[in-house]
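User: I'm new to this one and would like to go through it step by step. Could you bring it up, so that we can begin with the charged side chains?

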Amino acid sequence: MTTNDFLQIGLFLAVLLLLVKPVGSYMALVFADAPNRITRFGDRMERGIYRLCGISSTEEMSWKRYALAMLLFNVLGVLAVFVLQRVQQWLPLNPQHFAAVSSDSAMNTAISFATNTNWQGYAGESTMSYLTQMLGLAVQNFLSAATGIAVLVAVVRGFARRSSLSIGNFWVDLTRSTLYVLVPLSLLMTLLLVSQGVVQNFKPYVDV
């Protein structure tokens with residue numbers, strides 16, 4: 001460990017401690033049962049998502065139903081990303097004409113991104129089409145993180161409610177994690193990247 005390593009760790013911990021109160025207060029409002037200034041801001045969009053997906057936002061789940069919903073959602077996510085990689089050669093937004101990803105690599109990647117480990121055993125620039133990266137991997141970057149947040153919130157509720165038979169609604173927690181936490185953060189990071197000249201387009205690769 002060098003001096004620079006210790007300085008970076010110290011800086012990280014300092015920023016983390018400074019963010020505990022404001023971020024914790026914000027998250028508490030996001031997942032609160034009662035309407036508040038945060039959830040009222042996106043209420044129309046949130047209710048639209050529930051209506052579109054047939055979700056009853058007032059229905060509470062037992063821990064077994066919550067866990068089952070979480071597992072089912074992630075299994076479907078794994079299958080969707082796996083299939084997308086295996087058929088990408090027939091789909092649009094593939095100007096490099098990449099072939100299908102091998103079945104073992106596709107399954108490894110699908111499981112990796114669903115579990116939020118994001119381990120890549122391939123070179124993205126020579127393996128994945130634009131569509132696969134956006135519709136599969138980027139979407140899972142949101143949904144797997146949202147799943148982790150939802151499970152953490154459910155655990156906190158379990159401790160807080162103690163004798164209650166329910167721990168919330170997985171679909172509501174997933175939606176709010178994405179809508180109020182992950183999407184705003186991604187928009188801020190997008191502005192930062194764009195300000196530094198990072199671009200993305202759908203054109204074929206350019207050899208320099």
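User: Which side chain does Glu 60 meet in a salt bridge?

Analyst: The side chain of Glu 60 meets that of Arg 161, with 2.8 Å from N to O; a salt bridge here is a side-chain nitrogen of Lys or Arg within 4 Å of a carboxyl oxygen of Asp or Glu. This pair links distant parts of the chain, 101 residues apart, since Glu 60 sits in the loop between H3 and H4 while Arg 161 is in helix H6. Please keep in mind that this is a predicted model, in which local features need pLDDT of at least 70 and side-chain atom pairs count only at pLDDT 80 or more, whereas totals for chains, interfaces and linings use all residues. Residues are numbered from 1 along each chain as its sequence is written, and side-chain values use heavy atoms, with hydrogens and water left out.

User: And what is the relative accessible area of Glu 60?

Analyst: It is 35%, which means that Glu 60 is partly exposed, and Arg 161 is also counted as partly exposed, at 24%. The classes are buried under 20% relative accessible area, exposed over 50% and partly exposed in between, with a 1.4 Å probe and protein chains only.

User: Which residues are linked with Glu 60 in a network?

Analyst: Salt bridges link Asp 33, Glu 60 and Arg 161 in a network.

User: How many salt bridges are there in the whole structure?

Analyst: A search of the whole structure gives six. One of them is between Glu 46 and Arg 176, again with 2.8 Å from N to O.

User: You keep naming helices. How many helices and strands does the protein have?

Analyst: The protein has seven helices and zero strands, where helices (H or I, at least four residues) and strands (E, at least two) are DSSP runs numbered from the N terminus. Of the 208 residues, 32% count as buried, and the C-alpha trace spans about 60 × 50 × 35 Å along its principal axes.

User: Switching to rings, how many aromatic pairs does the structure hold?

Analyst: It holds seven aromatic pairs. One of them joins Tyr 66 and Phe 170 edge-to-face, at 5.6 Å centre to centre and 85° between the planes. This pair links distant parts of the chain, with Tyr 66 in helix H4 (residues 63-86) and Phe 170 in helix H7 (residues 170-195), 104 residues apart. As for the cut-offs, rings of Phe, Tyr and Trp (its six-membered ring) pair if their centres lie within 6.5 Å, and planes under 30 degrees apart count as stacked, over 60 as edge-to-face and the rest as tilted.

User: Now the surface. Which residues form a nonpolar patch there?

Analyst: They are Met 1, Phe 6, Ile 9, Phe 12, Leu 13 and Leu 16, with about 660 Å² of accessible area together. Such areas come from the Shrake-Rupley method with a 1.4 Å probe, and for residues only the protein chains shown count as cover. Patches are made of residues with over 30% relative accessible area and no salt bridge, where like charges are joined within 9 Å and nonpolar side chains (Val, Leu, Ile, Met, Phe, Trp, Tyr) within 5 Å.

User: Where is Phe 6 placed?

Analyst: Phe 6 is placed in helix H1 (residues 3-30), and at 53% relative accessibility Phe 6 counts as exposed.
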